[in-house]
Amino acid sequence: MPSKKAKQPKQDGLFGVSLSCPDIDNLPLIVDPMGSVEVRAPGSIYQPLLLTSPDSHVDAGPGRLDAHEEAFVRDLIKFLCPSGNYPLSGNTPLKWGDRDVWVKRNIEKRDDSFRLRVDDSDWFYPDFIVWIVDRETKTQTFGFVDPKGLIQGARAGWADYKIVSTLYMPHVVESQLHESAEKIEFEGEEWVFRVRGVLVSTSVLSSMQQEAKFHVRDGKGNNVSPSEADFNRARIVFQKTDNSYIPEVLRLLTEDSELDDCMSLAALLHHPGRYFTPAKPVEFELDLRKREANLSESGFVAGVVQDYLKPDDDGLYGTHVTNKRRGELTACSDKAMWNHECPSEAIWKIKTGS
């Protein structure tokens with residue numbers, strides 16, 4: 001009786017077709033059914049990226065991708081390679097214009113994985129490292145991206161450790177790097193090194209806007225729901241059914257906003273390593289806020305996000321809180337002139353020009 005031919009293992013591709021994988025060392029990541037293109041993890045320094053098998057008896061690991069993670073990788077690659085000219089080697093980067101883009105799966109709770117922590121929270125292991133190398137500006141961006149359902153996945157709202165780790169902790173890391181080295185060299189030249197993150201929300205915008213834990217204050221100090229642009233400034237991008245959200249992810253990894261400036265100040269105030277003298281209203285306000293408030297770093301960051309995320313009608317940030325602070329200090333100055341009932345640090349702020 002002839003022996004039955006052994007079945008080749010099967011693996012669903014990111015583009016929805018089955019793959020035959022007789023050699024695990026060459027496990028494909030992408031199959032494009034339109035062009036029948038198979039590649040190993042393009043632009044990836046971790047081989048392979050494992051997908052979840054439809055067969056309940058087959059377990060893939062470590063670090064297999066769930067549906068939302070698969071969608072992010074697929075959308076990123078399709079955006080960067082719209083014509084389907086995916087690199088055929090794991091040693092070849094993806095290209096974003098003239099910039100090189102490398103993707104790495106960041107596996108949770110592994111010693112060699114990237115992680116961030118704030119206060120006494122759990123460690124945050126973002127799902128992906130997106131390393132962007134810009135040789136024209138000599139800038140390396142160590143980016144990280146984490147697709148997450150934020151209604152359930154960020155129970156503490158703006159104070160949740162995943163959000164604080166994404167918004168704030170990269171500035172703490174950068175500050176510590178600047179303290180430990182005068183310059184960072186790469187390929188024999190001095191480069192700028194940045195750390196930035198993005199959360200890709202799998203929770204839809206309308207649901208997020210209904211959550212009080214994500215409300216912010218407008219220019220008059222009223223609690224309001226953030227717009228999509230506000231969430232973007234908070235480094236939260238909403239996953240779409242196509243790859244139209246990917247440009248915003250890449251922009252946020254390579255560009256900063258007014259909120260990032262606030263986060264950089266917060267890092268300086270909580271981890272002083274460089275000389276800092278307040279010079280602008282926001283600097284005086286955050287410095288005084290730090291002196292007055294007995295808050296954890298997460299609590300401090302959450303308050304800053306609520307006050308500085310949404311612009312007023314003139315496009316200015318933090319208007320209500322800086323106006324309130326200015327009024328407090330003016331009243332305090334008047335009291336100090338007569339009976340010295342004002343806290344010394346507030347008088348110091350007035351004397352230095354706030």
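Me: Start with a glycine. Where is Gly157 found?

Reply: Gly157 is found in the loop between helix H2 (150–153) and H3. Helices (H or I, at least four residues) and strands (E, at least two) are DSSP runs, numbered from the N terminus. Before going on, note that this is a predicted model: local features need pLDDT of at least 70, side-chain atom pairs count only at pLDDT 80 or more, and totals for chains, interfaces and linings use all residues. Residues are numbered from 1 along each chain as its sequence is written, and side-chain values use heavy atoms, with hydrogens and water left out.

Me: Why is Gly157 called buried?

Reply: Buried means under 20% relative accessible area, exposed means over 50%, and partly exposed lies in between (1.4 Å probe, protein chains only). Gly157 has a relative accessible area of 0%, so it counts as buried. Its C-alpha atom is separated by 8.2 Å from that of Ala302, 145 residues apart along the chain.

Me: What about Asp160: buried or exposed?

Reply: Buried. Asp160 has 7% relative accessibility, so it falls under the cut-off. Asp160 is also found in the loop between H2 and H3. The C-alpha atoms of Asp160 and Val118 are separated by 9.7 Å, though the two are 42 residues apart along the chain.

Me: What makes Asn223 exposed?

Reply: Its value is 56% relative accessibility, so Asn223 counts as exposed. Asn223 has its place in strand S12 (residues 223–224). Its C-alpha atom is separated by 8.9 Å from that of Ala212, 11 residues apart along the chain.

Me: Why is Asp119 called partly exposed?

Reply: Asp119 has 35% relative accessibility, so it counts as partly exposed. Asp119 is found in the loop between strand S6 (99–105) and strand S7 (128–134). Its phi is near 55°, a positive value in a residue other than glycine.

Me: And what puts Lys138 in its accessibility class?

Reply: A relative accessible area of 28%, so Lys138 is partly exposed. Lys138 is found in the loop between S7 and S8. Phi of Lys138 is near 55°, again a positive value in a residue other than glycine.

Me: Which residues of H1 are buried?

Reply: They are Glu69, Glu70, Ala71, Phe72, Val73, Asp75, Leu76, Ile77 and Leu80. In H9, the buried residues include Phe284, Leu286 and Leu288, and also Glu283, Asp287 and Arg289. An α-helix has 3.6 residues a turn, so residues three or four places apart point the same way.

Me: What caps the N-terminal end of H1?

Reply: Asp66 does, with a side-chain oxygen 3.1 Å from the backbone nitrogen of His68.

Me: How many disulfides does the structure hold?

Reply: It holds 0 disulfides. A disulfide is a pair of cysteine sulfur atoms within 2.5 Å.

Me: Which residues lie nearest the centre of the largest pocket?

Reply: Glu258, Val282, Tyr308, Tyr317 and Gly318, out of 16 lining residues. The largest share of the lining, 4 residues, comes from H8. Helix H8 (258–270), helix H9 (281–292) and helix H11 (319–339) each supply at least two lining residues.

Me: How does the lining of the largest pocket divide by class, and what makes a residue nonpolar?

Reply: The lining has 7 nonpolar, 5 polar and 4 charged residues. Ala, Val, Leu, Ile, Met, Phe, Trp, Tyr, Cys and Pro count as nonpolar, Asp, Glu, Lys and Arg as charged, and the others, Gly among them, as polar. The lining of the second largest pocket has 6 nonpolar, 2 polar and 8 charged residues.

Terms used. Polar contact = N/O pair within 3.5 Å; in protein donor to acceptor, adjacent residues only side chain to side chain. 1 Å grid on protein atoms, 1.4 Å probe; cavity = no way out; pocket = protein on both sides within 12 Å on 5 of 7 lines; lining within 4 Å.
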